[in-house]
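Thanks for coming. Please have the sequence and the structure open.

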Amino acid sequence: MQQLDAPEHNYAGPEDTRASCIVFRDVGLIVQGGRAIVDQLSFDIKKGETLVLLGRSGSGKTTTLKLINRLIDLTSGSIVVDGKSTADWDQIRLRRHIGYVIQETGLFPHFTIERNVGLIPGLEGWPREKVTSRVRELLALVGLEPDDFMSRYPAQLSGGQRQRVGVARALAADPPIILMDEPFGALDPITRAELQREFARLANQLNKTIVFVTHDVREALILATRIGLFKDGRLVELATPRDFRQSPEPEAQAFLDSLEEPVR
Amino acid sequence: MKLIQQTIEFFIHNRHEVLSLTLQHLFLVAAGTGAACIAGIPIGVLLTRRPALSKPVLAIANILQTVPSLALFGFLIPILGKHGIGALPAIIALFLYSLLPIIRNTLAGINGVDPGVREAARGMGMTGWQMLTMVELPLSSSMILAGVRVATVISVGTATIAAAIGAGGLGIFIFRGLRMNDSVSILAGAIPAALMALAVDFGLGLIEKRLVTSRPAAPTKSKLVARIALAAAAVVFVAAFFFMHRTPSDRVVVGSKDFTEQVILGELLAQVIETRTGIPVERKFELSTDILHQAMLSGQVDVYPEYTGTAFTAILKHQPISGARDVYDVVKQEYESKFGIEWLEPFGFDSTFAILIRKGDAVRLNLTTISQAARYTPKWRAAFGPDFTKRQDGYRGLARMYGLRFIAPPNEMDLALTYRALAAGQVDLIAGNSTDGMIDKLDLFQLQDDRHYFPPYDAAPIVRKAVLDRHPEIATAINTLAGKLTDQEMRRLNYAVDGEHRQPADVARDFLSSLP
């Protein structure tokens with residue numbers, strides 16, 4: 001796989017010949033009472049790209065994310081992950097095929113960092129030494145000194161450190177796909193910027209297919225290969241960051257305007 | 001100060017009984033609460049998976065907990081039949097009472113797990129079982145343990161009532177103390193029970209705290225503490241179990257009702273059988289009439305002292321009649337044909353109901369008969385034991401025959417307490433027992449039953465025929481007591497226990513050795 005230097009320069013456009021990793025076809029979720037949470041979603045996510053789902057609260061972006069690993073089941077259409085419809089995947093196998101990172105990380109407070117990160121490899125039956133060395137490797141990758149952190153508990157870490165552990169945990173069993181639900185949403189701006197930089201570096205290095213949900217347009221522009229913009233449960237724009245800046249779509253403009261609001 | 005000293009002496013003198021009753025008590029609590037954990041935690045988990053069920057299930061558990069313990073025991077007796085008395089119904093009752101706190105806390109504990117953690121676990125691809133055992137149960141363990149703690153402390157208290165259905169435990173001391181008006185005995189039951197509750201509360205609280213604080217600290221240590229506690233609990237449980245069940249196989253079970261005279265008679269029967277036949281005897285004392293009768297029918301009790309009048313009206317459900325010999329012949333014949341139970345020779349005394357007032361009132365108002373007292377009762381209060389309140393030959397018939405009325409409907413309370421209430425002036429008339437030692441001790445006066453309302457209550461030992469067929473020598477041994485106990489003699493023996501606080505076993509032994 002090719003190295004990704006800068007996400008913006010890497011995406012080759014709609015005619016890209018790389019295999020589609022995740023395919024949405026006319027996906028909808030109608031809840032009781034007939035309200036559509038998301039509707040008529042049709043788009044492809046390419047192998048190795050970082051697709052950022054951007055939108056306001058309640059726009060359907062997080063729901064869309066959870067449809068992929070079936071934390072929520074769709075009511076119409078289909079999602080194909082690596083050639084197989086999610087309905088045909090064994091639910092547990094599907095989820096272990098996909099790493100998952102959420103805001104506040106959801107680390108298990110009663111497990112050490114080592115157990116948190118090594119959990120899924122352990123459940124997958126990896127030998128213990130292999131799990132340990134994998135944990136060390138991943139902690140080093142996310143910038144945490146393994147010897148210092150392995151035996152600590154989540155409560156003994158700062159928010160930024162916990163988020164790094166959350167990323168390490170999602171990568172543990174080397175899944176080809178990572179879903180990230182506002183992973184940096186709860187961090188202070190400085191830590192957040194720091195993690196965004198490192199994440200961009202990681203995404204280049206790891207060549208994973210990443211679906212990343214945020215409501216922060218700045219974050220989207222920094223991290224995305226492409227940005228998918230959600231409004232009222234529909235995808236209203238799907239473009240590279242460069243094209244996104246020129247988008248005539250009013251919702252895109254609204255987000256871009258917020259970026260340029262003067263501080264004073 | 002004197003009470004403290006007496007209590008300490010009691011503990012020293014009766015250390016074996018205190019220990020054995022404490023172990024019995026622990027066994028009941030451990031078995032009941034243990035079973036409730038085994039059932040309650042999975043039920044709690046199920047309710048988190050099927051939230052629709054949680055309302056009805058919690059409602060049922062709630063209702064169960066509001067049923068008074070004596071009533072619950074009462075329900076269990078006919079349901080369990082052959083096992084209706086003893087440890088089993090007590091354990092079932094404690095189990096039912098423990099369910100609510102355990103289910104509720106399991107439910108609350110698991111529902112209280114951070115939704116983010118839960119979502120992360122699901123999103124990572126944990127199976128339902130892995131999520132439960134690796135995430136939800138560990139994170140709610142301190143909450144669940146808090147429920148177990150509440151349940152156990154409640155059980156320690158409730159188990160004292162189990163003595164009423166022959167399950168043993170520290171309640172034996174408490175009931176005995178109430179009956180004998182003996183504060184030392186009450187304390188002898190209450191103090192170990194209270195200490196046990198405190199110890200359980202403290203011990204489980206310690207483990208609970210460990211669980212909460214274990215996360216940043218060394219987890220191995222808390223595991224060690226939990227293991228030690230578990231091991232200790234297991235040892236106590238097993239020890240208590242063996243302690244309770246080391247009874248010889250061929251034995252005679254002697255029962256008695258739950259008042260002093262019956263315990264003395266039970267002791268007399270037990271000792272006479274032991275010394276004259278050498279057959280081992282198991283004592284199941286301090287049970288109610290209904291329970292004893294059930295136990296005789298199911299073969300759990302072989303011998304106990306019964307009264308002709310009680311058998312005639314309360315068991316055989318006949319209308320009350322007079323004439324001592326008639327009643328004895330009728331019950332003897334009917335018990336044999338209906339129940340396979342043999343009435344042996346009467347002890348020689350008539351233990352009838354005695355309508356009692358304070359001697360001071362009797363002298364001041366110049367009262368000797370119930371008819372005379374009926375003129376004053378509209379200004380009096382009355383209290384009766386549960387037996388007298390509900391029986392055919394009890395209060396209702398008496399009131400009708402003598403035209404008795406009181407300020408308020410009579411209070412129903414524990415029989416022993418009515419004596420205290422009368423002596424203390426809280427009530428003015430009670431129905432006691434004509435052979436009761438407390439009549440003299442508390443300076444009470446027995447009104448004459450001038451219209452002969454009460455049927456005769458000749459006391460006699462009754463034995464299951466099956467036992468007599470196997471061991472005919474038992475009848476011979478017991479019949480050495482025939483006619484040996486006059487009214488006066490019985491009152492003296494009762495007073496030795498109630499008034500002088502001597503042990504029924506000792507009083508019985510002295511009496512037997514005084515016989516030629």
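The contact between the chains draws on 23 residues from chain A and 21 residues from chain B, where contact means heavy atoms within 4.5 Å. Before going further, a word on what we are looking at: this is a predicted model, local features need pLDDT of at least 70, side-chain atom pairs count only at pLDDT 80 or more, and totals for chains, interfaces and linings use all residues. Residues are numbered from 1 along each chain as its sequence is written, chains are lettered from A and ligands numbered from 1 in the order in which they are written, and side-chain values use heavy atoms, with hydrogens and water left out.

Interface size is often quoted as the accessible area lost when the parts come together. Here the area buried between chain A and chain B is about 1,900 Å², with 66% of it from carbon and sulfur atoms. Buried area is the accessible area (1.4 Å probe) that two parts lose on being put together, summed over both. On the chain A side, the residues that lose the most area to chain B are A:F108, A:H110 and A:Y153, together 26% of what that side buries.

How many salt bridges does the rule find across the interface of chain A and chain B? The rule finds one, taking a salt bridge as a side-chain nitrogen of Lys or Arg within 4 Å of a carboxyl oxygen of Asp or Glu. That salt bridge joins the side chains of A:K66 and B:E119, at 3.2 Å from N to O.

Which elements of chain A supply at least two residues each to the side that touches chain B? They are helix 3 (91–96), strand 6 (98–102) and helix 4 (113–123). Helices (H or I, at least four residues) and strands (E, at least two) are DSSP runs, numbered from the N terminus. Helix 4 of chain A gives the most to that side, with four residues.

After helix 4 of chain A comes A:G125, with a positive phi near 85°.

Helix 5 of chain A (residues 128–141) holds A:R134. Its relative accessibility is 13%, so A:R134 counts as buried. Leaving out residues up to four places away in sequence, A:R134 touches A:W126, A:L171, A:A172 and A:D174.

Chain A as a whole has eleven helices and ten strands, and 55% of its 264 residues are buried. Chain B has 24 helices and ten strands, with 52% of its 516 residues buried.

On to the rings. The structure holds 20 aromatic pairs over all chains; rings of Phe, Tyr and Trp (its six-membered ring) pair if their centres lie within 6.5 Å, and planes under 30 degrees apart count as stacked, over 60 as edge-to-face and the rest as tilted. A:F184 and A:F199 have ring centres 6.0 Å apart and planes at 75°, so the pair is edge-to-face. A:F184 sits in the loop between strand 7 (177–181) and helix 8 (189–206) of chain A, and A:F199 in helix 8, 15 residues apart. Both A:F184 and A:F199 are buried.

In chain B, the rings of B:F353 and B:F454 have centres 5.5 Å apart and planes at 45°, so this pair is tilted. B:F353 is in strand 5 (residues 353–358) of chain B and B:F454 in the loop between strand 9 (444–447) and strand 10 (459–464), 101 residues apart. One aromatic cluster takes in B:F353, B:F384, B:F388, B:Y395, B:F406, B:Y453, B:F454 and B:Y457.

Last, a backbone detail. A:Q40 is not a glycine, yet has a positive phi of about 50°. A:Q40 lies in strand 2 (residues 36–46) of chain A.

Terms used: Buried means under 20% relative accessible area, exposed over 50%, partly exposed in between (1.4 Å probe, protein chains only).
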